[in-house]
Amino acid sequence: MATLIIYYSLSGKTELVAHTLAKKINANVLKIKDLKSRKGFKNKFLASISAFRESKTDITPAKVDLTDYDTIIFGTPTWSGNPTPAILTIIDRCNLTGKDVILFATMDNSHGEANIKRLEEKVKMRGARVIESFTIATKDKPSEILIRDTETIVEIKDLKMYTR
């Protein structure tokens, strides 16, 4: 069995963390795309409201077959202290029964722990067991620092032990 990282990223920072993590632990990666425009001031503001309300959104892929994976990693930015609508939508569409799950949230400065808490509630409702989680601050950090921070988290949390 293998590990799959499912993530959503708007600015590219969560994507960088997901791909760095995948490289360090030898996992497959799947990017969830929100079909609604989330760029620009107005759209970002509306996206924050959608995250706060836990609204669903149209995404691609619409569903994911997790049969070949025993460990799933979900990654999302933090919007208004919450997971993004795209990640909430895919979680609600996944059969996570019996799956081990690792959660991560990127954030500008704070509220990542609230995001993780809500993600944990959601995946547990879908039958998963959360085995680890982490947050990573991204504001004003260049790519090299985000890569280093992610690699450090992999080592500190010994995330390689959860993958095969």
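This is a predicted model: local features need pLDDT of at least 70, side-chain atom pairs count only at pLDDT 80 or more; totals for chains, interfaces and linings use all residues.

Trainee: Which residues touch the most other members of the largest nonpolar core?

Mentor: The general idea: in soluble globular proteins, nonpolar side chains tend to be buried together. Here the largest core has 25 residues, and Ile6, Ile72, Phe74, Ile90, Leu96 and Val123 touch the most other members. At least two core residues each come from strands E1 (2-7), E5 (69-77) and E6 (100-107), and from helices H3 (85-93) and H4 (112-125). H3 gives the largest share, 4 residues.

Trainee: And what is isoleucine 6 in contact with, beyond its neighbours within four places in sequence?

Mentor: Leu30, Ile32, Val64, Leu66, Ile72, Ile73, Phe74, Gly75, Ile87 and Ile90. Apart from that core there's another one, of 17 residues, including Val17, Ala22, Ile73 and Val154.

Trainee: Now the helix. Which residues of H5 are buried?

Mentor: An α-helix has 3.6 residues a turn, so residues three or four places apart point the same way. In H5, Leu146, Asp149, Thr150, Ile153 and Val154 are buried. Looking down the axis of H5, these fall within an arc of 140°, so they line one face of the helix. Glu144 and Ile156, on the other side of H5, are exposed.

Trainee: What covers the buried residues of H5?

Mentor: Helix H1 (13-25) and strand E7 (129-137) are among the elements that do.

Trainee: How does the span of H5 compare with what it should be?

Mentor: They agree: the 14 residues of H5 (residues 143-156) should span 20 Å at 1.5 Å a residue, and the end C-alpha atoms are 20 Å apart. After H5 comes aspartate 158, with a positive phi near 50°.

Definitions and conventions:
Residues are numbered from 1 along each chain as its sequence is written. Side-chain values use heavy atoms; hydrogens and water are left out. A nonpolar core is a set of buried Ala, Val, Leu, Ile, Met, Phe, Trp, Tyr and Cys residues joined through side-chain atoms within 4.5 Å. Buried means under 20% relative accessible area, exposed over 50%, partly exposed in between (1.4 Å probe, protein chains only). Contact means heavy atoms within 4.5 Å. The expected span of a helix is 1.5 Å times one less than its number of residues. The arc is that of the directions from the helix axis to the C-beta atoms.
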